[in-house]
Amino acid sequence: MKKMKSTLLFSLIAYLSGCASNSVLYKNQINNDVESLAKKYAKNDSDKIQIVKPIAHIFSYLKIEYSQKQWEKLSEKGSDTSKNLETHIQDIYGKSLYRIAGGEMQFKERYPFDAFSSLDTFSVGFVKIIVPNRIDSIERNVIISQLKNYTDTINAILSSDPELKERFDYGIKNMRNDGKIPLVLATNPNQAKDEGLKRSYAITNLGYYQKNRDTALFTARIATKYFGLISTSTMLHELVHAVVGIIEISPNKIAIPNTNIKNLQKIVDSMADSSQNMMIVEGIAESISQKYNPMYNSGYFNTVDQNISWQVKQYGHLHDMESAGKCYNGWFCSFDGRILALYEANSFVNYLIKEYGYSKVIRLAMCTSNDSNYISIFGKNKNEIFDQWKRTLLNPAKT
Ligand SMILES: [Zn+2]
């Protein structure tokens, strides 16, 4: 998280990033054997549309970049349903799927379109999509259905807490761009440059303008790289950031548990100071975007806790949240360290949501990470809650 232009109070930097320096374009290399293997994993017609394309995309990469022997092994596993696809990939390639699809591929992939073309814009719920019009109709429909599902889900989650809903609605009502959050999918380098996707981060910006003493004008913009349907997980992650960000800066009367926070700037400063808070913010984005993403619900992927167990086997120990948070924030740690930080943030937030509900977790994301905030929100101090989460993580049978 870092400050952007003076008009922006803060920006949230997404996890998925990449660069466009390599000329390999996996999307266009989905041939018959790759697609037929991906289809073996599809359980129904809906999967065929939503799942096969992203999986075939990953398979194309694995086939080209890794050995023929590994590809043959993965092909043989196509009919082995005793383990899911993600476990097969971990077993054969010795890497997490996050590392392969969220890291390696992003750095080697080229945008699907080289030049800028005319824009297709369409609204779904409180989001306005802006994308070059050459994206194919199947992908367009999947994006629409995912966003419909998401905006409905987010509205339902917020409806459980009238104060949060009021703040969000206030933000949307006072949003520039016709009361919709603009979501730009960058499909070519020029577009990414125009959107400020420098160094290839997917970013969410949220600005705040005071028109007069009583009125705020919101600006929010989501810009993510788009390589194909595989990129929708980034898009949904960013959308959650934008929603939480709007609630955070909405000048409404929510009771912020930390009484030292008197104004919006202090809320923003307190967020930027706290790596723990960063992990809650990232954890919410990961948790919601994965829980309601058809890709993650398809049964082809591990649960986040299974992935933590797998990572712990690689590392030999569980990282604690604080160091994971600092690691994520600093960008100096290994890529695997950041993955583990995100897995842990996701798992910890899942635990908090299960035990305490969404609205308390969203409130936590709006405060500094200290005992008094944990106690006022959850009635327990931070270490006690961490310990309980770790126990459920290490002893899943007891949960
Ligand atoms: Zn993020």
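Me: Which residues have the most contacts inside the largest nonpolar core?

Reply: In this predicted model, the largest nonpolar core has 90 residues, and L239, V243, I284, V361 and A365 have the most contacts inside it. Helix α16 (residues 335-356) gives the most to this core, namely 11 residues.

Me: What does I284 touch, leaving aside residues up to four places away in sequence?

Reply: I284 touches V240, V244, V349, V361, I362 and A365. Contact requires C-beta atoms within 7 Å.

Me: Why is α8 called roughly perpendicular to α11?

Reply: Helix α8 (residues 162-173) and helix α11 (residues 232-249) pack at an angle of about 100°, and their axes are 8 Å apart. Angles of 65 to 115 degrees count as roughly perpendicular; therefore α8 is roughly perpendicular to α11.

Me: Which residues make the contact of α8 with α11?

Reply: Helix α8 contributes L164, R167, F168, G171 and I172, while α11 contributes V243, I246 and I247. The residues of this contact comprise six nonpolar, one polar and one charged.

Me: What span is expected of helix α6, and what does the helix reach?

Reply: Helix α6 (residues 97-108) has 12 residues, and at 1.5 Å a residue 16 Å is expected. From its first C-alpha to its last, α6 reaches 15 Å, which is close to that value.

Me: Which residues of α6 are buried?

Reply: L97, Y98, A101, G102, G103, M105 and Q106 of α6 are buried. A residue is called buried because 20 or more other C-beta atoms lie within 10 Å of its own. In the protein chain, buried residues make up 44% of the 399 residues.

Note on methods. Residues numbered from 1 in each chain as written. Predicted model: local features only at pLDDT ≥ 70, side-chain atom pairs only at ≥ 80, totals over all residues. Helix = DSSP H or I, 4+ residues; strand = E, 2+ residues; numbered from the N terminus. Expected span 1.5 Å × (residues − 1). Buried ≥ 20, exposed ≤ 12 C-beta atoms within 10 Å, placed from the backbone. Axes fitted to C-alpha atoms, helices over the stretch in contact; angles between N-to-C directions. Parallel < 35°, antiparallel > 145°, perpendicular 65-115°, else oblique. Contact = placed C-beta atoms within 7 Å. Nonpolar A, V, L, I, M, F, W, Y, C, P; charged D, E, K, R; others polar. Core = buried A, V, L, I, M, F, W, Y, C linked by C-beta atoms within 7 Å.
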